[in-house]
Amino acid sequence: QVQLVESGGGSVQAGGSLRLSCAASGSIASINGMGWYRQAPGKQRELVAIFTSGGSTIYADSVKGRFIISRDTAKKTVYLQMNSLKPEDTAVYYCNAKGYSGSAYLNYWGQGTQVTVSS
């Protein structure tokens, strides 16, 4: 099992910045990819930014140039620096970790943290 604990959400005005953190614990050796997704009211959960199993990054087009994903391997933590926030960035942001244990596919989610951007 892997536990993911997010922090750093909150309310900010448009143009502002927030930094999200996600700390992983448990059977983290089985994890080979981590990142962030978000879900706005009435919409499906969508990818925001992730590290792939190969270590590269993938960003949603809507956040490219504004959001930066980073990680501290020693602290087993992934960060999402969100700049130039827009009202359409308002959502619950979820940390995600994926991997394998033998042939079993693993997919873990954090509890989510609310980000609200006002105009």
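**Strand pairing, ring contacts and buried side chains**

In strand β8, the residue that S70 has as its bridge partner is Y79. The model is predicted, so local features are reported only at pLDDT of at least 70 and side-chain atom pairs only at pLDDT 80 or more, whereas totals for chains, interfaces and linings use all residues. Residues are numbered from 1 along each chain as its sequence is written, and side-chain values rest on heavy atoms, with hydrogens and water left out.

Strands here are DSSP runs of E with at least two residues, numbered from the N terminus (helices would be runs of H or I with at least four residues). Two strands are called paired if DSSP finds at least two bridges between them. Strands β7 and β8 run antiparallel and are joined by 6 bridges. They form a hairpin with 4 residues between them, and K76 in the turn has a positive phi of about 55 degrees. K76 is not a glycine. Most residues other than glycine have a negative phi. K76 counts as partly exposed because its relative accessibility is 38%; buried means under 20% relative accessible area, exposed means over 50%, and partly exposed lies in between, with a 1.4 Å probe and protein chains only.

A further positive phi, of about 50 degrees, belongs to S84, which is not a glycine either. S84 is placed in the loop between β8 and β9 and is partly exposed, with a relative accessible area of 40%. The side chain of R66 reaches the backbone oxygen of S84 at 2.9 Å. Such a polar contact is a pair of N or O atoms within 3.5 Å; within protein, one atom must be able to donate a hydrogen and the other to accept it, and residues adjacent in sequence count only if both atoms are side-chain atoms. R66 itself lies in the loop between β6 (57-59) and β7 (67-72). With a relative accessible area of 9%, R66 is buried. Leaving out residues up to four places away in sequence, R66 touches Q81, M82, N83, S84, L85, K86 and D89, where contact means heavy atoms within 4.5 Å.

At the other end of the numbering, strand β1 (residues 2-7) has a covered face made of V2, L4 and E6, and an uncovered face made of Q3, V5 and S7. This strand is antiparallel to β3 (residues 18-26), with 6 bridges between the two. Q3 stands opposite S25 in β3. S25 counts as partly exposed because its relative accessibility is 36%, and it touches Q1, V2 and Q3 when residues up to four places away in sequence are not counted.

Beyond four places in sequence, the contacts of Y93 include E6, L20, W36, F67, M82 and T113. T113 is placed in strand β11 (residues 113-118) and is buried, with a relative accessible area of 11%. The side chain of T113 reaches the backbone nitrogen of G9 at 3.3 Å. The C-alpha atoms of T113 and Y94 are separated by 6.6 Å, although the two residues are 19 residues apart along the chain.

A pair of aromatic rings is described by the distance of the centres and the angle of the planes. Rings of Phe, Tyr and Trp (its six-membered ring) pair if their centres lie within 6.5 Å; planes under 30 degrees apart count as stacked, over 60 as edge-to-face and the rest as tilted. The whole structure contains 3 aromatic pairs. One of them joins Y94 and W109 edge-to-face, at 6.4 Å centre to centre and 90 degrees between the planes. This pair links distant parts of the chain, Y94 in β9 (residues 91-101) and W109 in β10 (residues 104-109), 15 residues apart. Y94 counts as buried because its relative accessibility is 15%, while W109, at 35%, counts as partly exposed. Ring pairs join Y37, Y94 and W109 into a cluster.

The ring of Y94 also carries a charge above it: the charged end of R45 sits over this ring, 3.7 Å from its centre. The criterion is that NZ of Lys or CZ of Arg lies within 6 Å of the ring centre and within 35 degrees of the ring normal. Likewise, the charged end of R71 sits over the ring of F51, 4.2 Å from its centre.
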